[in-house]
Amino acid sequence: MVPMRAQDRVIGVLSLTRFRSSAPSFTEDDLVLAQELADRATLAISNARLMTQVQAELVDRRKAEAEVRALNETLEGRVLDRTAALEAANRELEAFSYSVSHDLRQPLRAIDGWGKVLLEENASQLGAEGKFLLGRVLANSNRMGVLIDDLLAFSRVARKELERRTVNMDRLVHSVCEELRTGEPGREIAFDVGSLCDAPGDQALLRQVWANLLGNAVKFTRHVDRPLIEVRCERATGSCRFTVRDNGAGFDPTYGDKLFQPFQRLHQSSVFEGTGIGLAIVARIVQRHGGSVWAAGVPGAGATFGFSLPEAAEAT
Ligand SMILES: Nc1ncnc2c1ncn2[C@@H]1O[C@H](COP(=O)(O)OP(=O)(O)OP(=O)(O)O)[C@@H](O)[C@H]1O
Ligand SMILES: [Mg+2]
């Protein structure tokens, strides 16, 4: 009798029996042969067991893969459904805010008109305080008009159909800088524009991005002795990253992300005028082109605003 050993475990025995008692007894050589046979049989059994195990695992794996595939397909379908629902909701919200802003203009114009009539034709009856108060009413209705116009401009950016082509950013930026320089005749502003890569996009909207960023840089450097505005471009994989850096008032970086939301301002209108819509428009245009925006600043030591645009058009 010889053991059948597989990995230190006895899985059986091979027993040899003499049928006739007259047959010669087993020799040492017979035992060696029997052990050899037992080893081979053990190997064959182990292989067969392994094969069954592997096949079972293969079946399990195929099943798991099919389940993952099915899950992915339903997930993709659900993501598409959700995206479509979200886009529809956004469009509806957009249309709503556009019509609300638009409809608000009419009564506001009436307040302004009647207020002016009151001020001009009944000035003597109003008295000093009455005139002062009416002046405040008119100033506020005027401010509300500006806010509504800004909201409408913001809304228009989302509604405008993108007209894509390759935009020569070098030329665009130089022309915006020239325009800004002309608008500030009394100031010596140094524009340092590096070489910029062309980008696919809507030229009119991208001009607005540069006008808003460079316009901010011009505005927020108003109180420094030597205003310097640097424009740079860096090629990253699949996209171009543009930055506008200035040495102006800067801002607290804690609020960097907020600045891209409508009407978020970190400076007082009495020091730096504005309604806070420029950067929101920048973010919306860049996002429609498939890019992203960011901001960095140090109070009193300048600010950097950047945006990336994918090299291949993936606009929405
Ligand atoms: N270059 C900059 N340096 C310092 N702060 C900035 C700069 N650009 C923007 N900011 C901060 O971000 C705020 C929002 O900027 P944004 O362009 O949206 O509005 P605004 O310039 O105040 O007004 P608007 O652009 O509507 O005329 C600004 O009020 C200011 O606090
Ligand atoms: Mg601005």
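Q: Which polar backbone atom is 2.8 Å from an oxygen atom of ligand 1?
A: In this predicted model, the polar backbone atom that lies 2.8 Å from an oxygen atom of ligand 1 belongs to Leu266.

Q: And what about the side chain of His267, how far is an N or O atom there from an oxygen atom of ligand 1?
A: An N or O atom in the His267 side chain is 2.7 Å from an oxygen atom of ligand 1.

Q: Which residue has a polar side-chain atom 2.8 Å from a nitrogen atom of ligand 1?
A: That residue is Asp246, whose polar side-chain atom lies at 2.8 Å from the nitrogen atom of the ligand.

Q: How much of the accessible area of ligand 1 does the protein cover?
A: On its own ligand 1 has 600 Å² of accessible area, and the protein covers 92% of this.

Q: How many residues surround ligand 1, and which are the closest?
A: There are 19 residues around ligand 1, and the closest of these are Asn216, Lys219, Arg265, His267 and Leu279.

Q: Switching to aromatics, how many aromatic pairs are there?
A: The count comes to 6 aromatic pairs, and one of them is formed by Phe251 and Phe305, whose ring centres are 5.7 Å apart with 40 degrees between the planes, which makes the pair tilted.

Q: What does the pair of Phe251 and Phe305 tie together?
A: Phe251 lies in the loop between β7 (239–246) and α5 (278–288), whereas Phe305 is in strand β9 (residues 303–310), so the pair ties together parts that are 54 residues apart in sequence.

Q: Are Phe251 and Phe305 buried or exposed?
A: Both Phe251 and Phe305 are buried, and for Phe305 the relative accessibility is 12%, which is why Phe305 counts as buried.

Q: How is the pair of Phe260 and Phe305 arranged?
A: Phe260 and Phe305 form an edge-to-face pair, with 6.2 Å from centre to centre and 75 degrees between the planes. Phe260 lies in the loop between β7 and α5 and Phe305 in strand β9, so this pair ties together parts that are 45 residues apart in sequence.

Q: Why does Phe260 count as buried?
A: Phe260 counts as buried because its relative accessibility is 12%, and buried means under 20%.

Q: Which residues form one aromatic cluster with Trp210?
A: Phe242 and Phe307 form one aromatic cluster with Trp210.

Q: Last topic, over which rings do the charged ends of Arg159 and Arg284 sit?
A: The charged end of Arg159 sits over the ring of Tyr98, at 4.2 Å from its centre, while the charged end of Arg284 sits over the ring of Phe154, at 3.9 Å from its centre.

Key: Residues numbered from 1 in each chain as written. Chains lettered and ligands numbered in written order. Predicted model: local features only at pLDDT ≥ 70, side-chain atom pairs only at ≥ 80, totals over all residues. Heavy atoms only, no water. Phe/Tyr/Trp six-rings, centres within 6.5 Å; stacked < 30°, edge-to-face > 60°. Helix = DSSP H or I, 4+ residues; strand = E, 2+ residues; numbered from the N terminus. Buried < 20%, exposed > 50% of the residue type's maximum accessible area, 1.4 Å probe, protein only. Lys NZ or Arg CZ within 6 Å of the ring centre and 35° of its normal. Near = heavy atom within 4 Å. Polar contact = N/O pair within 3.5 Å; in protein donor to acceptor, adjacent residues only side chain to side chain. Areas by Shrake-Rupley, 256 points an atom, 1.4 Å probe, with all protein chains shown as cover.
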